Amino acid sequence: MPEDLEMLEHFTNQEYKYGFVSEIESESIAKGLNEETIRILSQKKLEPLWMLEWRLKAFAHWQKMEEPRWANVKFDPINYQDIVYYSAPKKASSPKNLDEIDPAILEMYTKLGIPIHEQEKLTGVAVDAVLDSVSVATTFKGKLADLGIIFCSFSEAVREHPELIKTFLGSVVPAGDNFYAALNSAVFSDGSFIYIPKGVRCPMELSTYFRINAQFTGQFERTLIIAEEGAYVSYLEGCTAPMRDENQLHAAVVELIAMDNAQIKYSTVQNWYPGDKQGKGGIYNFVTKRGLCKGVHSKISWTQVETGSAITWKYPGCILQGDHSVGEFYSVALTNHFQQADTGTKMIHIGKNTSSTIVSKGISAGFGQNSYRGQVKILKSATHARNFSQCDSLLIGDKCGAHTFPYIEVKNSTAQVEHEATTSKIGEDQIFYLNQRGISTEDAVSMIVNGFCKQVLGELPMEFAVEAQKLLGVSLEGSVG
Amino acid sequence: MLSIKNLYASVEGHEILKGINLEVQAGQVHAIMGPNGSGKSTLAAVLSGREGYDVTQGTVLYDGKDLLELAPEERAREGLFLAFQYPVEIPGVNTSYFLRTALNEIRKHHGKESISSVKFLQLIREKLKMVEMDEKFLKRSVNEGFSGGEKKRNEVLQMAVLEPRLAVLDETDSGLDIDALKIVANGVNMLRHENNAFIVITHYQRLLNYIVPDFVHVLYQGKIVRSGDKDLALHLEDYGYDWIKESNETKD
């Protein structure tokens, strides 16, 4: 009915509220990518020679690779010579504490709703904030150091903990894993590094906020988390970017390693700039995230709420190597206007009695296209492996799309694999029912969508679940009205 | 409180209501009866502002305001409540959260502050008793997996919490066994007072044994063809709707 469509269109028209640009003096290197760029970048970061060599090897590999085209997304070819590969706020040369950080940066983080000072004191969340290419503030470092926990920027880890980096960098996502991982390996700028020693339970949520600020800049961050035997850590990343007419590339790599009985919980609230209502601009979010459950009884959980980006292309996966190890993937992906998402997970079962759970909730509105792509692979060695997958899609309006591409490969007959999928349309009946109880249409849609995603939102740390709920509401405002 | 004058309404070009007139005062209970397809549910839909129903003629005044000008949520906030014939399931939305949100929207509209969780819990516990529902219902998703009877009781629970001025019960008795029917009727009777009013839409006289109406109207082919007191319902029970059809045809 045309009236509904009008309603839907109205509701999907909400401005991106993180779209401001902050006037922060930054230092960049010229656009373009060649060996020289990588040498300059490495030099600026005061890296040791082995790091530069690692980058150059990755670069050589990347040059031989081709951009993959198998995902269910459409975009014009990217000119990799037209991107700035390093941009850093000028005053940010290794700050010792928050007082040394450019006040403009701190103000920007406050605008984003991350008052670093406040957060340090009130919430007990340790925050690392990465602006463009450099990590600008890591709070709570001292307190964590007492427990032997290392939480610092990636660059610092390269300088201060070279043995750990040399051992684990590229051990889960090899430099030549895929086109974007290779690119990242060559030019990664900064990111977070976490090391939790044996038997230590990290007492607070660790968190990083990523922000692209400078124009024509790509963001290539690198995150590495290692949980030693019996360790536990919960980590959350959030991301935003200004509104720009051109597309900006974000190609990150995240590697997680869990030893015997260790547990890593990794949560993402991704809200990069999605582009405008006509589909102009926005971030290309091409990310490789993988966790290795190396030890027995280890567990890695990925939880993601993906509301931003023009194109999202990511499959956080788990390699379940240790016997009895557990992999989990909980995802909410929302596409509105002309956003496209091709996201899901990979669960590779190697060890005995390994189990994995996949819960994916896709929401499409406007002209949004949402694809779930998931691989469950049970190798011959994985006796009594189990997987449960549930993929639900919710459609708002009649111009959007939902697609599901499950790949299941089982090489051991003792395995149990279950896959459930549903697709539903947000019902006028549901909206009217809530209206009739005094709830506005926007709030009704937000309530229905949040109900749809409840299972996933429940996996987020409490304080972020509330934020994610609001974000879903805001991202859909204007989609029904 | 409610004044319906010469109301005509159509659905997809088909005229369903053909000149309804009805006056409802505070403190009254009006029963609207009629055979299937007579327009009972259409009347409920038009009053609550459901989409897809076009009012082509007539006026509806509610407390002196033009009801038809208000959005469905505004009507609800002004105290108009519809107990649905088919309550809708909303997966993942907790019943308690939903009800508290609804109550707070209504309170906000009347310039009152939001109710605290403690006060809300006290309130809802008291109302749950009224419809003989267990507290565990509050934790379940709205109507999801509820039996027919549970859904209808949930409607009455919501009515008890939101305390509307004008409640329209759309075939709340359909699909209920006698015990559930008594519980629902009991709930309604406990909510009756001199400042509110009820329009009880039903196909059967049975419900009216428990909710005793002040007025009974018979709707037939989109018009109110008979009005009377509760005895009219008993008469219908004895003679059936054929009596209305025949007498109406002879009149024409």
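A salt bridge is a side-chain nitrogen of Lys or Arg within 4 Å of a carboxyl oxygen of Asp or Glu. By this rule, there are 27 salt bridges over all chains. The model is predicted: local features need pLDDT of at least 70, side-chain atom pairs count only at pLDDT 80 or more, and totals for chains, interfaces and linings use all residues. Residues are numbered from 1 along each chain as its sequence is written, chains are lettered from A and ligands numbered from 1 in the order in which they are written, and side-chain values use heavy atoms, with hydrogens and water left out.

**View 1. Chain A as a whole.** Chain A has 12 helices and 23 strands. Both kinds of element are DSSP runs, numbered from the N terminus: helices are H or I with at least four residues, strands are E with at least two. Chain A holds 481 residues, and 63% of them are buried. Buried means under 20% relative accessible area, exposed means over 50%, and partly exposed lies in between (1.4 Å probe, protein chains only). Contact means heavy atoms within 4.5 Å. Among contacts in chain A with a separation of 6 or more, 84% join residues 24 or more positions apart.

View 2. The side chains of Arg39(A) and Glu35(A) meet in a salt bridge, 3.3 Å from N to O. Both residues lie in helix α2 (residues 35-44) of chain A. They sit four residues apart, about one turn of the helix. An α-helix has 3.6 residues a turn, so residues three or four places apart point the same way. Arg39(A) is partly exposed, at 37% relative accessible area. Glu35(A) is also partly exposed, at 40%.

View 3. Arg290(A) and Asp177(A) pair through their side chains at 2.8 Å, N to O, in a salt bridge. Arg290(A) lies in strand β13 (residues 282-293) of chain A, and Asp177(A) in the loop between α8 (162-168) and α9 (179-187) of chain A, so the pair ties together parts that are 113 residues apart in sequence. Arg290(A) is buried, with a relative accessible area of 14%. Asp177(A) is partly exposed, at 30%.

**View 4. A buried pair in chain A.** Lys314(A) and Glu306(A) form a salt bridge between their side chains, 2.6 Å from N to O. How buried is Lys314(A)? Its relative accessible area is 2%. Glu306(A) is buried too, with a relative accessible area of 2%.

**View 5. The surroundings of Gln339(A).** Gln339(A) is found in the loop between β17 (326-335) and β18 (340-349) of chain A. Gln339(A) is buried, with 3% relative accessible area. Its side chain reaches the backbone oxygen of Thr307(A) at 3.0 Å. It also reaches the backbone oxygen of Gly308(A), at 3.0 Å. Leaving aside neighbours within four places in sequence, Gln339(A) has contacts that include Pro274(A), Ser309(A), Leu334(A) and Phe367(A).

**View 6. Where chain A meets chain B.** In this view, 21 residues of chain A are in contact with 31 residues of chain B. The two chains bury about 2,200 Å² between them, 61% of it on carbon and sulfur atoms. Phe432(A), Tyr433(A) and Arg437(A) lose the most area in chain A, together 35% of what that side buries. Buried area is the accessible area (1.4 Å probe) that two parts lose on being put together, summed over both.

View 7. Two salt bridges are counted between chain A and chain B. Arg437(A) and Glu155(B) meet in a salt bridge through their side chains, 2.7 Å from N to O. On the side of chain A that touches chain B, the elements giving two or more residues are α1 (2-11), α10 (428-435) and α11 (441-457) of chain A. The largest share, seven residues, comes from α11(A).

**View 8. Helix α5 of chain B.** Helix α5 (residues 148-162) of chain B has 15 residues. The expected span of a helix is 1.5 Å times one less than its number of residues. For α5(B) that gives 21 Å, and the end C-alpha atoms are 21 Å apart, which agrees. Is this helix enclosed or open? Of its 15 residues, 14 are buried, so α5(B) is largely enclosed by the rest of the structure. Just after α5(B), Glu163(B) takes a positive phi of about 45°.

Technical notes: Polar contact = N/O pair within 3.5 Å; in protein donor to acceptor, adjacent residues only side chain to side chain.
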